[in-house]
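Hi everyone, thanks for coming.

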Amino acid sequence: MPSITAADSPSSPAPVPISHLDRSLLDLLHRRRTAALGTRTVDGEAALSMVPYAIDPASGVFVLLISGLAAHTRQLQDHPRASLLVCDSEDQADNVHALARVSVDVEVSWPGTDTAPARRAADIYLARHTAAELLTQLPDFRWACLRPLQARHVAGFGAARTLDQNRLLDLLAAAPDQRR
């Protein structure tokens, strides 16, 4: 099955060394199922919404299924750069200031209807969010693929780092498929 953004990912990735922080990041991204999506309005103001996501294990691209009626869809069409914030639940830590989190700068692309990338997006997303099958039948829903550009990962106090695009994509593509 072709990758969503095959041009952006290696065809046969070499093994990527995985550190303790890398495992923490991958665990967070695969354990959590929703993210805060930060977009900009037509006036350039910040806007936030919650979105379910899946990750293409071949390319590291985040896949969303979003409605054309949603404000964030129009905002992404006007400004294709955005951010995703994935954060641990408050009940996962004794101290909310030390919650594991990652903010990922992304750029959106829109696979055409009934194309190989759209079918791949559907397979990846629906494997993780089976209840969304009904939404795919509605005419206003479409696939959005968010290519990571860089990330800021905080695993707790004293455990923060910035990952460039190459390292982030290597990690996301090297991770075992943990879709839930």
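**A hairpin, a buried strand and some salt bridges**

Let's begin at the hairpin of β3 and β4: six residues lie between the strands, and Gly60 there has a positive phi near 80 degrees. Before going on, this is a predicted model, in which local features need pLDDT of at least 70 and side-chain atom pairs count only at pLDDT 80 or more, while totals for chains, interfaces and linings use all residues. Residues are numbered from 1 along each chain as its sequence is written, and side-chain values use heavy atoms, with hydrogens and water left out.

When I say helix or strand, I mean DSSP runs, numbered from the N terminus: helices are H or I with at least four residues, strands are E with at least two. Two strands pair if DSSP finds at least two bridges between them. Strand β3, residues 54-55, pairs with β4 in the antiparallel sense over two bridges, and Ala54 has Val63 as its bridge partner in β4. β4 is also joined to strand β7, residues 141-156, by six bridges, again antiparallel. There, Leu64 has Ala144 as its bridge partner in β7.

Buried means under 20% relative accessible area, exposed means over 50%, and partly exposed is in between, using a 1.4 Å probe and protein chains only. In a regular strand the side chains alternate between the two faces of the sheet. Here both faces are covered, with Phe62, Leu64 and Ile66 buried on one side and Val63, Leu65 and Ser67 buried on the other.

Next, Ser49 in strand β2, residues 46-52. Ser49 counts as buried at 18% relative accessibility. Its side chain makes a polar contact of 2.9 Å with that of His72; that term means a pair of N or O atoms within 3.5 Å, where, within protein, one must be able to donate a hydrogen and the other to accept it, and residues adjacent in sequence count only if both atoms are side-chain atoms.

Last, the salt bridges (a side-chain nitrogen of Lys or Arg within 4 Å of a carboxyl oxygen of Asp or Glu). The structure holds seven. One of them joins the side chains of Arg147 and Glu107 at 2.6 Å, N to O. Arg147 is in β7 and Glu107 in strand β6 (residues 101-109), so this pair ties together parts 40 residues apart in sequence.
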